[in-house]
Amino acid sequence: MALIDGAEVAKHNNKKSCWIVLQDRVYDITSFLSKHPGGAAILLKQSGSDATTEFKKYHPLDYVNDLPPRSCLGAIDPNTFGSLTRRKDLEDRPSSEANTGQKIPHISLCVSCLDFEKAAKAVMPRKSYIYASTSANTGASLKGNIEDWERINFRPRVMRNVGDVNTQRSIFGHNSPYPFYISPMGTLGAIHPGAEPEMVKGAVRKGIHMVVSTASTKTTEQIMRSMVEEQKRMNYASPTRLFFQFYMPVNRERAVELMHMVKKAGYKGLWITVDTPVLGKRESDRVLQAEEALSVGLEKQSTSEWEVGGENAFAPAMGGRVVSGQLSPHTTWGDLKWIRREWDGPIVLKGIQCTEDAKLALEHGCQGILLSNHGGRQLHTAPSSLMTLLEIRTYCPEVFGKLEIFVDGGLRDGSDVLKALCLGATAVGVGRPYLYALAAYGSQGVERCTHVLYEELTTAMRLLGITSLNQARPEMVNASRLLNEMWRPENTAARSHL
Ligand SMILES: Cc1cc2nc3c(=O)[nH]c(=O)nc-3n(C[C@H](O)[C@H](O)[C@H](O)COP(=O)(O)O)c2cc1C
């Protein structure tokens, strides 16, 4: 194989001739620029340089085999790496300019979920931080998620012998020491070099369940393998189970293929995301897109696509193949029929936001619903997940006991978890706190975040006067402030639909 000098590679740094280095090989990707699902700009920014690290953040490495064979020009001369272009751009800037150069706090200083965000902000590339923290439009949905948990209060009982407490819960028969799990989040490779397997390692060590995103950096099988390997390494039969978050591809064959792959790999349930027929308007991401477009004078690129694989984008869960239309705006309740035929395990609809849809989920034979507004990233001024929980308790209490009811969005404290359980939730999902913990401390951060939530939960249980989650009851919280603001059928034309 021809040896190519780094200085030569560095010359091919534009639209007319674009070369990059991947895993010691030099590729001419000029003809691929216009076909790249993430846009040409992101490739051009790597032109003339070693793009291996960037590439691995978003794609399984074997994706490189899908480039036409003739695009591989040879091997880079190992003595000339120093002559390659060094890329230092917007993405490399730390998210918090003020923290540049500051040391990351010792992990023991993270005593609440919010501390992980501060630590992560100091180390995360700005682009990754924007991806994680962004929310829809003015941010009202995200703010509502977080603030509503503090707008309900406990009604504690005292003198109840709370020496020992038990926080066990099970999700579809899979026991867990915790009533919370790690929510699915796409493209963790942009958050930590170990990507999803790093998150899984931390989960296994603590025995917490995790839902894996369709838009993961690693393949479905790789992620499952990382769980098995960590269990073996630790010689520990961790109760951790992986469930799969499913973005419905437009192409039904692809959808079926993916479901079968997921089933074969051993995932225990399908969390179908139903609140994302299209992507919400992520404002800080829009600003970033504009900045990047200005910086290279090219078409826009978006971190939003990392979450869904993007329209006409890579779907790493499919083994890095290009999948046309990763998100389907055409999905209807009728689709649950054929999904049911292809998937014989539990089905959860992720993103239920009102009573009517909770009822429909039950009627359509689902096993669970996840009350969620996607972490405030989708519909501007969507109801907080807590508000939806209250509405469903009031107007369709029959779903409790028939469906497993999950809640996510804005849970930042073990006592928030307890409030959700008092109001009837089976378990709750926690998203960003785990992502920030991973960014700052890798799998140790995941363990620490679990510990922090667990400690807060057990303290809250004792101070509330209960020793087991089975004792959690609605009368243990005062939700009257939120109930006063709750949607009422008598005040709306929607009454006839109830
Ligand atoms: C960075 C990021 C990526 C996400 N990616 C996905 C995804 O791929 N699929 C999905 O259904 N939800 C995704 N979500 C939504 C989460 O699953 C979850 O609903 C939300 O984060 C919960 O809110 P919280 O972050 O306030 O805990 C993502 C959220 C974040 C913050």
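Is His 374 buried or exposed? In this predicted model, His 374 is buried, with a relative accessible area of 8%. Buried stands for under 20% relative accessible area, exposed for over 50%, and partly exposed for values in between, with a 1.4 Å probe and protein chains only. Residues are numbered from 1 along each chain as its sequence is written, and side-chain values use heavy atoms, without hydrogens or water. Local features need pLDDT of at least 70 and side-chain atom pairs pLDDT 80 or more, whereas totals for chains, interfaces and linings use all residues.

His 374 lies in the loop between β16 (368–371) and α14 (385–395). Helices (H or I, at least four residues) and strands (E, at least two) are DSSP runs, numbered from the N terminus. The side chain of His 374 makes a polar contact of 2.8 Å with that of Asp 275. Such a contact is a pair of N or O atoms within 3.5 Å; within protein, one must be able to donate a hydrogen and the other to accept it, and residues adjacent in sequence count only if both atoms are side-chain atoms.

His 374 also faces the ligand. One of its polar side-chain atoms lies 3.3 Å from a ligand nitrogen. Backbone atoms contribute too. A polar backbone atom of Gly 186 is 3.1 Å from a nitrogen atom of the ligand. For Pro 184, a polar backbone atom is 2.7 Å from a ligand oxygen. Taken alone, the ligand exposes 600 Å², and the protein buries 100% of that. Accessible areas come from the Shrake-Rupley method with a 1.4 Å probe; for residues, only the protein chains shown count as cover.

The shell around the ligand holds 24 residues, each with a heavy atom within 4 Å of it. The closest are Pro 184, Ser 213, Thr 273, Asp 408 and Arg 412. The shell divides into 7 nonpolar, 11 polar and 6 charged residues. Here Ala, Val, Leu, Ile, Met, Phe, Trp, Tyr, Cys and Pro count as nonpolar, Asp, Glu, Lys and Arg as charged, and the others, Gly among them, as polar.

Two or more shell residues come from each of α5 and α16 (432–464).

Val 348 is found in strand β15 (residues 347–352). Its relative accessible area is 0%, so Val 348 is buried. The C-alpha atoms of Val 348 and Thr 273 are separated by 8.5 Å, although the two residues are 75 apart along the chain.
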